[in-house]
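Me: I'd like to learn how to read a structure like this one feature at a time. Could you walk me through it?

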Amino acid sequence: DTTPPIATREHTVDGFTREFLRELNFGQGVDLTRASVNDKYLAMARTVRHYLMTRWIETLRRQAELQAKSVAYLSAEFLLGRQLDNALLASDLQDIVREGLANLGIDLDELREAEVEPGLGNGGLGRLAACFIDSLATMNVPSIGYGIRYEYGIFQQTFVDGRQVEKPDDWLRLGSPWEFPHPEAAVTVGFGGHVEQYQADDGVVRRRWVPGWSVLGVPYNYMVPGYAKGRVNTLRLWSARATHAFDLQIFNSGDYAEAVRAQTFAENISKVLYPEDSTPQGKELRLQQQYFFVACSIKDFVDQVLPEGYDLHRLPERIVFQLNDTHPVIAVPELMRVLVDEKGWEWDEAWAVTKQCFAYTCHTLLPEALEVWPVELLGRLLPRHLEIIYRINDEFLAELRETYPNDELRVRRMSIIAEYPVRAVRMAYLATVAATKVNGVAELHSQLLRDKVLDDFAGYWPDKFTNVTNGVTPRRFVKLSNPGLSDLVTEAIGDGWVTDLDQLSGLEPLADDAEFRRRFREVKQANKRRITDVLAARDGIEVHPDTMFDVMVKRLHEYKRQTLKLLHIVSLYEKVTTGKIRLEDVTPRTFAFGAKAAPGYVLAKQIIHLINAVGSTINSDPALEGRLTVAFPANYNVTLAETLIPAADLSEQISLAGKEASGTGNMKFMLNGALTIGTDDGANVEIRRLVGDENFFLFGLTEPQVAELVDRGYHPSAYYETNEDLRHALDLIASGAFSGGDRAVFEPVVSNLLNEDRFLALADFQAYVDAQARVDEAYADTEDWTRRAVLNVARGGFFSSDRSMRDYIDGIWHTHPVPPGS
Ligand code: 26M
């Protein structure tokens, strides 16, 4: 055997302690007495990652040997959250490290708190990508994640007088122990310039791109350790640097300062994550980011991952590129360009291969969220890609005209190129044309994609469209974030559920076991005390752990309808303070919110301000005797989710039906034993089906009812006129009661609701308030509430991202597991 040996380390307290001190002394260059918390954190993290190295190397070796088909998950976002706990779990070092550190007088928890989370995503889409790569590693699926190493992740949200103020997220400030930079493996990516005709060696006239400028992409590798001895897969994020060619010219001209500025220009590409999560702004830099990471990734896969001399005609046997929304769709013309221009293939030959290599996941239904790139911009930045897109479109439309010879209207509707308001490329259409499969992220969403957003395409290619309902990783969102529940569950049914979440159904009979329910409640109560301490320390917020925790955490967006929850709170407050209801009849509740607004989304920011204003009024009103509290911790992120969700009694999933593609927070709450109040939207539909109508607080219009109402003409003011409670709540806000008498501050929010209310909050107000009354009634019966909460956990197994991965593997990727080790 000629395989070189791999270094090993001892999986014991002593072994760990030795390695840790070595890292601290030789890596950080400090001794224990002088070491800062960050020194100790970095040394510990580096020590932990060493324990995963063997499996990482073995995974790579095995992959090189077998050349099994891989998934390349292309995503502009990976919202990873903190890495340490996950690495400790994957390496089975939790107890060893705690004990080893304790022997040295170090508290593991203090070091855990020192980790800055990589927030390289906006919300659901980015977190989904992180859950998926966790599942793929755990399930031993050969795969690689490709994305962008933003120097600044999602902004840090602060509140100044209740208003959102954004701060840059300098997550790399203290160093990142989890990344492995590979500057030697950098690749070059071109931009701009022009396309020229030339005579190739074979005498054929061809076209080629002559970029006007280029940048380097430096790969940074991150371990993606599978749970329980699974593979250690790779996440490869690209960072932009200046090429030498880039500044040499300018250096030679003697303008040193200008040359240095040019470096900055190149590095800007991976500088910052765009914080919009629903309304793309069509910014040039954003397109640069998309092409940058996609071009790097394709080059990396073709030149580095594939063995030398691999016949690219067989590419579909080795790879499937999963397009996480339209953000990486420029990969389609890029692969065509590589095959046609660089490899000299015929167009048809290249297209036949390309269209077998991609699958596309759509994550939205909002028309304004569908990306379109103006032809003018694309032509300037990626002229050859624009030509290729035009040709793909020409051939596609020609094909369509054969099928629909008398329906030119339909052909134009399906064109990849939109003509109005400006000529632009519809990225979702390009993705749909190129992909083997197009999937939505929950049953309802996939159905609406087929029936509405992409109906012409579904009619043309009925088999292309499919559903894969989202999921979440039970490792991070149950095992790690809810150790109390995990221990209780494991005691009852064993620990197989961590990798086979359907086993949670074994809890079902225990819903009727009074002793089990008592212990389940104890866990929930302990989780509430834990978040109570966190909120006090992190935000100076005081909440009462013996109240109902009613939680809504997600990006702030009109369609998600945080205002609905707010109107309920205001209405309750109004009724109590005017004596319409007695304080004793009000269920003590903590109304928690967590939400960031896109910095340019004015109305969303005003809503945040209003929530905070209502919160400070209510929280300080002695008349309520602390029975109602609003808790709005700033800067909701993955780390906060991990302590907040396990403490929730009630999960708020109240988007307007037909607007939330899936939701994934809804699944995390369910698996942590919260009941849901929700609309018939996204994955709520499937949650309700699984948990049963009697264990779900359904309210509101259905999607067809919404469509009909909008069709008839929706007039929000009619609800104001006819619903007294609603009127009083809105009037109270308008009166300045929450703004020190200033009637102007929240006038835009109120008048938006009265005059526009794009997402029908007023239409659903009464139904929502009624559903909340049912919640109060149910919560009053503690034993029965606990029984239902247990059933939520027992019936939540379907929402494991392991199941989502199974569905992608069976229905879309057709890949096979390859465990590490030879
Ligand atoms: C696009 C262009 C420019 C800047 C930003 C964007 C952009 C970034 C993220 C647009 C959308 C983005 O995310 C959309 C998203 O998070 N969608 C959510 O995806 C989840 C996972 O499938 C679903 O559960 C949510 O319902 C869906 O809203």
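Me: Which helix gives the largest share of the shell around the ligand?

Reply: Happy to start there, with the reminder that this is a predicted model. Helix H6 contributes the largest share, three residues. The shell has 23 residues, and those that come nearest to the ligand are Gly 124, Leu 125, Tyr 274, Pro 280 and Ser 662.

Me: How do the residues of that shell divide by class?

Reply: There are seven nonpolar, eleven polar and five charged residues around the ligand.

Me: Why does the ligand lie between domain 1 and domain 2?

Reply: Look at who supplies the shell. Both domain 1 and domain 2 give residues to the shell around the ligand, so the ligand lies between them. Domain 1 is made of several segments, 67-82 + 117-327 + 350-368 + 438-445, while domain 2 is 481-799.

Me: How many residues of each domain are in contact with the other, and how far apart are the C-alpha centres?

Reply: In general, the size of an interface is often given as the accessible area lost when the parts come together. Here we can count residues: 37 of domain 1 are in contact with 31 of domain 2. On the domain 1 side, the elements giving two or more residues are helix H6 (124-138), strand E3 (156-160), strand E4 (163-167) and helix H17 (443-453). That side of domain 1 divides into 13 nonpolar, 16 polar and eight charged residues. The C-alpha centres of the two domains are 35 Å apart.

Me: Which residues of H17 are buried, and what covers them?

Reply: Leu 444, His 445, Ser 446, Leu 449, Arg 450 and Val 453 are buried in H17. Their cover includes strand E16 (438-440), helix H18 (455-460), strand E17 (465-467) and helix H26 (684-691).

Me: Let's turn to helix packing. At what angle do H1 and H4 pack, and is their crossing left-handed or right-handed?

Reply: Helix H1 (residues 13-28) and helix H4 (residues 94-103) pack at about 65°, and their axes are 9 Å apart. The crossing is right-handed. From H1, the contact uses Val 13, Phe 16, Thr 17 and Phe 20; from H4, it uses Ile 96, Val 97, Glu 99, Gly 100 and Asn 103. By class, the contact has five nonpolar residues, three polar and one charged.

Me: What should I look for in the backbone angles?

Reply: Most residues other than glycine have a negative phi, and most peptide bonds are trans. Take Gln 67, whose phi is positive, near 50°. Gln 67 is in the loop between helix H2 (37-66) and strand E1 (70-74). Arg 561 also has a positive phi, of about 65°, although it is not a glycine. Arg 561 is placed in the loop between strand E18 (548-553) and helix H22 (562-577).

Me: Why does Gln 67 count as partly exposed, and why does Arg 561 count as buried?

Reply: Count C-beta neighbours: 20 or more within 10 Å make a residue buried, and 12 or fewer make it exposed. Gln 67 has 15 inside 10 Å, so it is partly exposed. Arg 561 has 27 inside 10 Å, so it is buried.

Me: Where is the cis peptide bond that involves Pro 421?

Reply: That bond runs from Tyr 420 to Pro 421, with omega near 0°. Pro 421 sits in the loop between strand E14 (417-418) and strand E15 (424-426). Pro 421 is exposed, because it has 8 other C-beta atoms within 10 Å.

Technical notes
Residues numbered from 1 in each chain as written. Predicted model: local features only at pLDDT ≥ 70, side-chain atom pairs only at ≥ 80, totals over all residues. Domains from an automatic or database assignment. Contact = placed C-beta atoms within 7 Å. Helix = DSSP H or I, 4+ residues; strand = E, 2+ residues; numbered from the N terminus. Nonpolar A, V, L, I, M, F, W, Y, C, P; charged D, E, K, R; others polar. Near = placed C-beta within 6 Å. Axes fitted to C-alpha atoms, helices over the stretch in contact; angles between N-to-C directions. Left-handed = near helix turned anticlockwise from the far one by under 90°.
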